[in-house]
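Hi,

Here is the structure I promised to pass on. Have a look at it first, and then read my notes below.

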Amino acid sequence: MSAGPNNAFQSAVDEFGPAPLPSSRTIMVGVDGSDTAMRAAAAAFGLARRQGARLVVAFVAYHSSLAAFSPAVASVFEHEATARLHAELSDQTRCAAEELDVPVTFVKAFGDPFTVLRDSADRCQADMVVVGASRQAGHRFAGSVATRLVKTGHWPVLVVP
């Protein structure tokens with residue numbers, strides 16, 4: 001199988017660190033490489049370590065609606081950038097899981113970040129969801145992913161600035 005741009009669109013699940021205990025709680029964190037998401041991941045790792053919980057790290061790749069109209073070269077670049085970011089985040093997650101001795105499931109998925117995080121948290125029966133605060137001005141009007149997750153009300157949501 002060739003390592004072309006379509007491989008960036010495949011969902012993936014990796015397990016890092018020790019095996020989780022059957023009775024352990026589950027904390028889920030969303031990451032996208034932004035500063036606030038990385039602070040959220042650090043907070044989630046700390047919570048999981050202190051509580052003896054399993055951590056689910058969700059990387060959601062979102063392709064803008066303009067991607068369908070972009071030239072092929074730009075589309076290939078976007079796919080490659082997503083693949084590089086996934087590989088970097090996966091490696092950082094693996095290192096942290098091993099160093100902190102935290103059982104981690106690293107999930108890569110595609111779609112709307114709110115929908116994927118909501119569905120993933122429900123699917124893994126998360127006891128808590130951790131996300132970074134949005135810094136985009138438009139989210140004050142339309143609502144950020146964090147705000148929408150809080151309004152869902154399925155689990156406690158920790159929003160890290």
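One term before anything else: a residue is called buried under 20% relative accessible area, exposed over 50%, and partly exposed in between, using a 1.4 Å probe and protein chains only. What you have is a predicted model, in which local features need pLDDT of at least 70 and side-chain atom pairs count only at pLDDT 80 or more, while totals for chains, interfaces and linings use all residues. Residues are numbered from 1 along each chain as its sequence is written, and side-chain values use heavy atoms, with hydrogens and water left out.

Salt bridges

I started with the charged side chains. Side chains of opposite charge can pair when their charged atoms come close. For a salt bridge, a side-chain nitrogen of Lys or Arg has to lie within 4 Å of a carboxyl oxygen of Asp or Glu. Searching the whole structure turns up three of them.

Two involve R94. Its salt bridge with D91 has the closest N and O atoms 2.3 Å apart, and the one with E98 comes in at 3.5 Å, N to O. D91 and R94 both sit in helix α2 (residues 72-100), three residues apart, which is about one turn of the helix. (Helices here are DSSP runs of H or I with at least four residues, strands are runs of E with at least two, and both are numbered from the N terminus.) E98 and R94 are four residues apart in α2, so about one helical turn separates them too. As for accessibility, D91 is partly exposed at 36%, and R94 is partly exposed at 29%.

The remaining bridge joins D119 and R118, with 3.0 Å between the closest N and O atoms. D119 is partly exposed at 30% relative accessibility, and R118 is partly exposed at 25%. Through shared partners, salt bridges link D91, R94 and E98 into one network.

Strand β4

Next, have a look at β4 (residues 104-110). How many of its seven residues are buried? Six are, so the strand is mostly covered by the cut-off above. Strands count as paired if DSSP finds at least two bridges between them. Strand β1 (residues 12-16) pairs with β4 in the antiparallel sense over five bridges, and F16 has V104 as its bridge partner in β4. Strand β3 (residues 54-61) pairs with β4 in the parallel sense, over seven bridges. There, F59 stands opposite K108 of β4.

Best wishes
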